[in-house]
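I opened the model to look up a few local features. The entries below follow the order in which I checked them.

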Amino acid sequence: MDTHLTGKPAAENSISHLPWEDRPAGSSDVVWRYSQNPIIPRNAVPRANSIFNSAAVARNGKFAGVFRVDDRQRQMNLHAGFSDDGIHWNIQPDPIEWINPDPELARFVHRYDPRVVWLEDRYYVTWCNGYHGPTIGIGYTYDFETFHFLENAFLPHNRNGVLFPRKINGNYAMFSRPSDTGHTPFGDIFYSESPDMVYWGKHRFVLGPKAWTWQSTKTGAGPIPIETSEGWLLIYHGVLTSCNGYVYSMGAALLDLDQPWKVIYRSAPYLMSPQTLYECVGDVPNVVFPCASLYDQPTGRIAIYYGAADTVTGLAFAQIDDLLDYLKRNSEL
């Protein structure tokens with residue numbers, strides 16, 4: 001039976017089958033890599049140049065997702081994918097065909113960096129959508145076979161649209177990162193609310209770069225926020241401009257449950273930075289870009305999907321209690 005007829009899938013509350021590998025012996029890292037990374041190579045789809053910055057969710061005891069696939073013309077588009085274990089993926093060879101009743105918005109320019117969340121009765125997808133510059137597209141699906149385009153959330157130029165998994169103060173809620181026409185040598189995370197997933201307002205500043213740190217150039221929200229009893233856990237990326245270009249790393253913050261623009265804790269050190277060959281060497285070197293996470297509340301396990309060097313997809317793990325404790329001991333607002 002399709003989940004949109006029966007309410008929230010049980011797998012979204014408890015994901016006991018999420019991919020997992022214990023912390024390596026002798027390691028004290030609060031976030032650690034899967035030993036068999038990358039889990040998705042750059043050529044897992046015919047005609048693909050790279051597959052990265054993608055989103056996965058639990059569905060019907062298995063997993064589904066939306067994947068960024070750049071083809072050999074270097075066109076950026078979104079493909080659906082399915083997996084039994086969250087590690088080995090069957091990604092559809094052709095891009096998603098969006099049902100879009102408005103011809104003004106139907107023309108393809110680019111689609112990239114998707115996020116996916118189960119919200120109320122369906123899976124919502126957000127992505128960086130091309131409409132006179134980069135903005136945030138919103139669509140939805142019930143089954144990862146038929147996809148409906150809803151609307152662009154904001155004026156260009158904007159990126160890193162990340163929805164919350166439930167309403168806040170009676171409204172839908174989203175993080176975004178206003179940008180510019182280019183590759184954005186700046187960036188702050190903002191919070192916005194909407195009564196209907198179309199009209200967005202109540203914009204609030206959340207956090208921005210910190211000078212002379214791993215996140216001194218820009219920041220951007222990553223996976224869907226995880227709700228805890230202490231606040232919303234936001235995993236995000238921060239960027240340093242080095243003498244050899246941008247370096248993307250992973251950090252985290254804990255935000256107020258009722259006012260998510262208020263930061264309670266924020267990691268001063270990064271949680272993970274590009275250090276392996278597949279993170280340091282690729283189309284864009286030195287990139288760790290978290291885009292999705294799976295959280296099993298009973299065990300506290302978190303599996304984090306991230307793009308590596310804008311070329312392949314990696315997997316990392318954490319325990320939520322360890323991560324929250326680390327945030328409290330290593331916070332700098």
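I set the exposure classes before anything else: buried means under 20% relative accessible area, exposed over 50%, and partly exposed in between, with a 1.4 Å probe and protein chains only. Cysteine 243, at 90% relative accessibility, therefore counts as exposed. This is a predicted model, in which local features need pLDDT of at least 70 and side-chain atom pairs count only at pLDDT 80 or more, while totals for chains, interfaces and linings use all residues. Residues are numbered from 1 along each chain as its sequence is written, and side-chain values use heavy atoms, with hydrogens and water left out.

**Entry: cysteine 243**

I located cysteine 243 in the loop between β17 (231–242) and β18 (245–255). Strands here are DSSP runs (E, at least two residues), numbered from the N terminus. I also took the C-alpha separation of cysteine 243 and proline 274, which is 16 Å for residues 31 apart along the chain.

**Entry: second largest pocket**

I used a 1 Å grid over the protein atoms alone: a cavity is a set of points where a 1.4 Å probe fits but cannot get out, and a pocket is an open set with protein on both sides within 12 Å along at least five of seven lines; lining residues have an atom within 4 Å of a point. Grid points are joined across faces, edges and corners, and a volume is the space filled by probe spheres set on the points.

The second largest pocket comes to about 440 Å³. It is lined by 25 residues, and those closest to its centre are Arg68, Asp113, His183, Tyr248 and Asp310. Two or more lining residues come from each of β2 (48–59), β3 (62–71), β7 (111–119), β11 (158–163) and β18.

I sorted the lining by type: Ala, Val, Leu, Ile, Met, Phe, Trp, Tyr, Cys and Pro are nonpolar, Asp, Glu, Lys and Arg charged, and the others, Gly among them, polar. The pocket lining divides into nine nonpolar, seven polar and nine charged residues.

**Entry: cavity**

I counted one cavity of 30 Å³ or more. The largest cavity holds about 30 Å³ of space. Its lining consists of Leu105, Arg107, Arg111, Asn129, Gly130 and Phe149, that is, two nonpolar, two polar and two charged residues.

Strands of a sheet pair through backbone hydrogen bonds, either parallel or antiparallel.

Strand β8 (residues 122–130) pairs with β9 in the antiparallel sense over eight bridges, and tryptophan 127 stands opposite glycine 137 in β9. The hairpin of β8 and β9 has three residues between the strands, and histidine 132 there takes a positive phi near 55°.

β9 also pairs with strand β10 (residues 147–152), again antiparallel, over five bridges. In that pairing glycine 139 stands opposite phenylalanine 149 of β10, a residue that also lines the largest cavity. Five residues separate β9 and β10 in their hairpin, where phenylalanine 144 in the turn has a positive phi of about 65°. I checked burial of β9 (residues 134–141) and found eight of its eight residues buried.

**Entry: sheet from β11 to β14**

I traced an open, antiparallel sheet of four strands in the order β11-β12-β13-β14. Its edge strands, β11 and β14 (201–207), each pair on one side only. β11 and β12 (residues 172–178) are joined by four bridges, and asparagine 158 has proline 178 in β12 as its bridge partner.

**Entry: aromatic pairs**

I paired rings of Phe, Tyr and Trp (its six-membered ring) if their centres lie within 6.5 Å; planes under 30 degrees apart count as stacked, over 60 as edge-to-face and the rest as tilted. The whole structure has 23 aromatic pairs.

Tryptophan 89 and tyrosine 305 are edge-to-face, because their ring centres lie 6.4 Å apart with planes at 80°. The two residues are 216 apart in the chain, in β5 (residues 89–91) and β21 (residues 301–308) respectively. Tryptophan 89 is buried at 15% relative accessibility, and tyrosine 305 is buried at 3%.

Phenylalanine 164 and phenylalanine 175 form a tilted pair, with centres 4.8 Å apart and planes at 50°. Phenylalanine 164 is in the loop between β11 and β12 and phenylalanine 175 in β12, so the pair ties together parts eleven residues apart in sequence. Phenylalanine 164 is buried at 1% and phenylalanine 175 at 0%.

Last, I noted one aromatic cluster of Trp98, Trp118, Tyr123, Trp127, Phe144, Phe147 and Phe149.

Notes:
Pairing = 2+ DSSP bridges.
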